[in-house]
Amino acid sequence: SSVNNIVSENTITNNEYGISLYSSVNNIVSENTITDNDYGIIVFDSSNNVIFHNNFVNNDPQAYSYNSINVWDNGKEGNYWSDYTGVDLYGGPYQNETGSDGIGDSAYIITPPGTPIGSIQFDYYPLMGMFYHLTVTLKRETYHVTVICNSTISEFRFEVGAETGNKIIRFNATGKDDT
């Protein structure tokens, strides 16, 4: 029964419920990594919540919504779902422009099959890779860097080039088969 809260930047692993919203409204759930739970997120009798930039990995089910109407994206980007089977061939605000953009071309269905039509929810902009939000400080200034990537990010560095004075981001990205 929570109202007007922000649930952000958590790692939630190996629970019955990763996140549970019950009779909760006007909350923001973002930048969480929810892994290996019985339910990644369950939303019951809760509406007007905004859920985006989360990583839902190997939960069963990833998400369940009942008697609730929520927004599962920020209007441009949604969540990463490890079981999403869509493709990314197109880009743009309507996913109809040639070229991939890291956002799936078809919506991710939130509620499992067999749910009444009025209760089905969608993430209209599912991410093709995990969402990372990195905060770095350089010369007393704080910078925020977001990365959507289906690889593991390591050795992240943010520095100023000695010769040019340009800001430079360096990192390693390791994917399946160490590619």
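Phe 56, Trp 72, Trp 81, Tyr 84 and Tyr 108 come together as one aromatic cluster. Rings of Phe, Tyr and Trp (its six-membered ring) pair if their centres lie within 6.5 Å, with planes under 30 degrees apart called stacked, over 60 edge-to-face and the rest tilted. This is a predicted model, in which local features need pLDDT of at least 70 and side-chain atom pairs count only at pLDDT 80 or more, while totals for chains, interfaces and linings use all residues. Residues are numbered from 1 along each chain as its sequence is written, and side-chain values use heavy atoms, leaving out hydrogens and water.

In total, the structure holds 10 aromatic pairs. One of them is stacked: Phe 44 and Tyr 66, at 5.2 Å centre to centre and 15° between the planes. This pair links distant parts of the chain, with Phe 44 in strand β6 (residues 39-44) and Tyr 66 in strand β9, 22 residues apart. Strands here are DSSP runs (E, at least two residues), numbered from the N terminus.

Now to Asn 79, found in the loop between β9 (63-66) and β10 (80-81). Its contacts (heavy atoms within 4.5 Å) include Phe 56 and Trp 72, as well as Asp 123 and Tyr 125, not counting residues up to four places away in sequence. The side chain of Asn 79 reaches the backbone oxygen of Trp 72 at 3.1 Å, and a polar atom of that side chain lies 3.0 Å from the backbone nitrogen of Asn 54.

How accessible are these residues? Buried means under 20% relative accessible area, exposed over 50%, and partly exposed in between (1.4 Å probe, protein chains only).

| Residue | Relative accessibility | Class |
|---|---|---|
| Asn 79 | 0% | buried |
| Phe 44 | 28% | partly exposed |
| Tyr 66 | 34% | partly exposed |

Notes. Helix = DSSP H or I, 4+ residues; strand = E, 2+ residues; numbered from the N terminus. Polar contact = N/O pair within 3.5 Å; in protein donor to acceptor, adjacent residues only side chain to side chain.
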